[in-house]
Amino acid sequence: MTELPLPVRPVSSPRSVLGAVGNTPVLWVDEPFTTAPRGFWAKLEGFNPGGIKDRAALYMVARARERGDLRPGAPIVESTSGTLGLGLALAGVLYGHPVHLVTDPGMEPIVERMLAAHGATLYVVDRPCPEGGWQEARRQRVAELLAAYPGAWCPDQYHNPDNVAAYTGLAGELAGQLHRVDVLVCAVGTGGHSAGIARGLRARMPAMRLVGVDTVGSTIFGQPARTRLMRGLGSSIFPRNVDYGSFSEVHWVAPAEAVWSARRLAARQFATGGWSVGAVALVAGWLARTQPEGTRIAAVFPDGPHRYFDTVFNDDYCRANGLLLTEGPTGPAVVSRADEAEVFGWTRCAAVTDPLSAATAVEGGRR
């Protein structure tokens, strides 16, 4: 086994970069998705140093330190597609932990370089697992690193309840900024921010509805797991932080539709982002057009556009991957159940169930 060095650094002061996390602004968005007085409020989490998962990374690390699960100076090891990695790199700098991140070839070069600049060590898996794809391959490499480095700690963002609790503060911010939220629209990946924000808001507004936004090819809500182009939302495994009972509906969005939305948002509102922001804005805009006038809709934009200059905002990349639509989508197709048919474009389902619970019930009925 290899012992990692355990540097000792002081915990950050309130005047450090820690003070830049949270209290992000909201932006009113109508065009290009609808016209005033209809629209939605976007919570701009790209104003955090690394994006929305700065909140989760800092909270999970702080709680693990309080419990003694993460000892002073011990290594942090985790799987990431990018945003959580940036948050963990921030936590490593603030609290004095070496950070080891497992990713895959889909990570954007700019994110790789920034993580290295922030002092994180990266490991890139070279092939997906037959079951669970790149995410499972990354998780297996994390397990190897945890076995190799005594004292290392893994946040386990997919299943750690602290990943949900981390967003209580964001819920409080939204409540203070908007006073009332009728519909909350969130991208779903690990399930942390959708579950945590919804829980916090419903403590104040019990009737609030939660709308989930997933990507085609994601297995979270019961669709078949396929190779996915979009990062930051969707999954090839079943994160247990997803609170299925909280959702009133789910929308699956295709990459070309997210690109169209993110680019139109940039041209009209200036504030934009990548895959998740494009998909969330598309769904929130449709809700603004179709819900009764006066419905207050809040959409969470997880990050900004900067890491997507080589993908979402790169014409050559988009052309090569067939992502440049000549006409934008006007609304979703509809399925009554997630297993009714495999979806390949923007599709809505108002019956949200936990696929693992459904599968267990089916197996139980066969016995």
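## A crossing of two helices

A crossing of helices is called right-handed if the near helix is turned clockwise from the far one by less than a right angle, and left-handed if it is turned anticlockwise. With that in hand, welcome to this predicted model, where α6 passes α7 in a right-handed crossing. On the side of α6, the contact is made by Leu170, Ala171, Leu174 and Ala175, and on the side of α7 by Ile197, Gly200 and Leu201. Sorted by class, this contact of α6 with α7 holds 6 nonpolar residues and 1 polar residue, with no charged ones.

Two packed helices are described by the angle between their axes and the distance between the axes. Here, helix α6 covers residues 168–178 and helix α7 covers residues 192–202; they pack at an angle of about 50°, and their axes are 8 Å apart. Angles from 65 to 115 degrees count as roughly perpendicular, those under 35 as roughly parallel and those over 145 as roughly antiparallel, with the rest being oblique. The pair α6 and α7 is therefore oblique.

How many residues of α7 are buried? The count is 9 of its 11 residues, so the helix is mostly covered, with buried meaning under 20% relative accessible area. The buried ones are Gly192, His193, Ser194, Ala195, Gly196, Ile197, Ala198, Gly200 and Leu201. Among these, Ile197, Gly200 and Leu201 also take part in the contact with α6.

Next comes an open sheet of 8 strands with mixed pairing. Reading across the sheet, the order is β1-β2-β9-β6-β7-β8-β11-β10. Its edge strands, each pairing on one side only, are β1 (26–29) and β10 (333–335). From one strand to the next, the twist averages 25°.

Because 4 of its 5 residues are buried, β2 is largely enclosed by the rest of the structure.

## The sheet of 3 strands

The model also has an open sheet of 3 strands, in the order β3-β4-β5, with parallel pairing. Which strands lie at the edges? They are β3 (76–79) and β5 (121–124), each of which pairs on one side only. The twist in this sheet averages 20° from one strand to the next.

Strand β4, at residues 99–103, pairs with β5 in the parallel sense over 4 bridges. Along this pairing, His100 stands opposite Thr121 in β5. Helix α2, made of residues 83–95, packs on the sheet and touches β3 and β4; the direction of α2 makes about 170° with that of β4.

## Another pair of helices

Now turn to helix α8 (residues 255–269) and helix α9 (residues 275–290), whose axes come within 7 Å and cross at roughly 85°. That angle makes α8 roughly perpendicular to α9. From α8, the contact is made by Pro255, Glu257, Ala258, Val259, Trp260, Ser261, Ala262 and Leu265. From α9, the contributors are Trp275, Val277, Gly278, Ala279, Ala281 and Leu282. By class, the residues of this contact of α8 with α9 divide into 11 nonpolar, 2 polar and 1 charged.

Asp162 lies in helix α5. Is Asp162 buried or exposed? Its relative accessibility is 9%, so Asp162 counts as buried. Leaving aside neighbours within four places in sequence, Asp162 is in contact with Tyr59, Met60, Arg63 and Arg67.

Gly245 lies in the loop between β7 and β8. Gly245 has a relative accessible area of 74% and is exposed. Between the C-alpha atoms of Gly245 and Ala195 the separation is 9.7 Å, although these residues are 50 residues apart along the chain. Ala195 belongs to the buried residues of α7.

Key:
Residues numbered from 1 in each chain as written. Predicted model: local features only at pLDDT ≥ 70, side-chain atom pairs only at ≥ 80, totals over all residues. Heavy atoms only, no water. Axes fitted to C-alpha atoms, helices over the stretch in contact; angles between N-to-C directions. Helix = DSSP H or I, 4+ residues; strand = E, 2+ residues; numbered from the N terminus. Contact = heavy atoms within 4.5 Å. Nonpolar A, V, L, I, M, F, W, Y, C, P; charged D, E, K, R; others polar. Buried < 20%, exposed > 50% of the residue type's maximum accessible area, 1.4 Å probe, protein only. Pairing = 2+ DSSP bridges.
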